[in-house]
Amino acid sequence: MPEETAVYTHGHHESVLRSHTWRTAANSAAYLVDALKPHMRVLDIGCGPGTITADLAALVPDGHVTAVDHAPGILDRARATAAERGLRNVEFAVADVHDLNYRDDSFDVVHAHQVLQHVGDPVRALSEMRRVCAPGGTVAARDADYSAMAWYPKLPAMDGWLDLYRRVARANGGEPDAGSRLKSWALKAGFDDVTASASTWCYTSADERAWWSGLWADRTVASGYARLAVEGGHTDAGELRAFADAWREWGEREDGWFAVLHGEILCRK
């Protein structure tokens, strides 16, 4: 069976987890929430530190959530998140979305947030998600589209940051502009009932700017992404520092505004 071939661009540096632990069902899976019923069996793929997972488990109190990630180390953090919430209807496991170790028709909902942009074969991944989803169930995915990110003021170095990120992500085997491609991938994976939508994260208050700019400044110079960017020959440490400085400059601007566009799909089997 196929195995993951892409390298996860972000890694699990503290600056990455700072972003991932902010995510909730409300701010990252609102398009799915209305489809959830208390008794449902849910598979949450690429659960990371488990904050969305915990919300999903709370929304299916009479059901069960199985949360998986390709990186074993992050699952301890996810287990701790569930334990802190007192959730007993969730379990965690290591899994590859290209070859899920679950029987056909095992889950009512199969969910992946910010996963398909990082995998080597997103169509194969969606096919596997479809296989383990029960008839009448829903496969849900949400991914950012880096080509559609927008910000003000237009600092030139931030254009360089975006160009570099997209090159590094593609060199690692992923597709940073996944959000706009989700519907196409779902159709290729065999779905014929696909509802596509979009939503945004927007950062503009002083606290939001400080948080968003700070995590990206740190990620740009200190995370796995920074290492991969340099080792892959895409940039050097000096350019990365310049991009981090631009992020901090943007964060200090009172008129600063940044929007992240996400594509979303609800696929009914």
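Guide: C202 has a relative accessible area of 34%, and because this value falls between 20% and 50%, C202 is called partly exposed. C47, by contrast, is buried, because its relative accessible area of 9% is under the 20% cut-off. Please keep in mind that this is a predicted model, and that a search through the whole structure finds zero disulfides. For C47 in particular, the nearest cysteine sulfur belongs to C133 and is 19 Å away, and C47 takes part in no disulfide. A disulfide is a covalent bond that joins the sulfur atoms of two cysteines.

Now to the helices you asked about. Two packed helices are described by the angle between their axes together with the distance between those axes. Helix α9 runs over residues 206-222, and helix α10 covers residues 224-231; the two pack at an angle of about 45°, with their axes 5 Å apart. The crossing in which α9 passes α10 is right-handed. On the α9 side the contact is made by R219, T220, V221 and A222, which meet G224, Y225 and A226 of α10. Sorted by kind, the residues of this contact are four nonpolar, two polar and one charged.

Helix α9 also packs with helix α11, which spans residues 237-251, and here the angle is about 175° while the axes lie 8 Å apart. Because that angle is over 145 degrees, α9 counts as roughly antiparallel to α11. From α9 this contact takes in R209, W212, S213, W216, A217, D218, T220 and V221, and from α11 it takes in L240, R241, F243, A244, W247, R248, W250 and G251. Nine of the residues in the contact of α9 with α11 are nonpolar, three are polar and four are charged.

A few residues elsewhere in the chain show how the backbone is described. Most residues other than glycine have a negative phi, and most peptide bonds are trans. D105, in the loop between β3 (90-94) and β4 (107-113), has a positive phi, near 60°. Its relative accessibility of 35% is the reason why D105 counts as partly exposed. Q114, placed in the loop between β4 and α6 (122-132), also has a positive phi, near 55°. Q114, however, is buried, because its relative accessible area is 10%. The peptide bond from Y152 to P153 is cis, with omega near 0°, and P153 lies in the loop between β6 (150-152) and α7.

Helix α7 itself, residues 156-171, holds D163, which counts as partly exposed because its relative accessibility is 42%. D163 and K37 are 126 residues apart along the chain, and their C-alpha atoms are separated by 41 Å.

Key: Residues are numbered from 1 along each chain as its sequence is written. This is a predicted model: local features need pLDDT of at least 70, side-chain atom pairs count only at pLDDT 80 or more; totals for chains, interfaces and linings use all residues. Side-chain values use heavy atoms; hydrogens and water are left out. Axes are lines fitted to C-alpha atoms, for helices over the stretch in contact, and angles run from 0 to 180 degrees between N-to-C directions. Helices (H or I, at least four residues) and strands (E, at least two) are DSSP runs, numbered from the N terminus. A crossing is left-handed if the near helix is turned anticlockwise from the far one by less than a right angle, and right-handed if clockwise. Contact means heavy atoms within 4.5 Å. Ala, Val, Leu, Ile, Met, Phe, Trp, Tyr, Cys and Pro count as nonpolar, Asp, Glu, Lys and Arg as charged, and the others, Gly among them, as polar. A disulfide is a pair of cysteine sulfur atoms within 2.5 Å. Buried means under 20% relative accessible area, exposed over 50%, partly exposed in between (1.4 Å probe, protein chains only). Angles under 35 degrees count as roughly parallel, over 145 as roughly antiparallel, 65 to 115 as roughly perpendicular and the rest as oblique.
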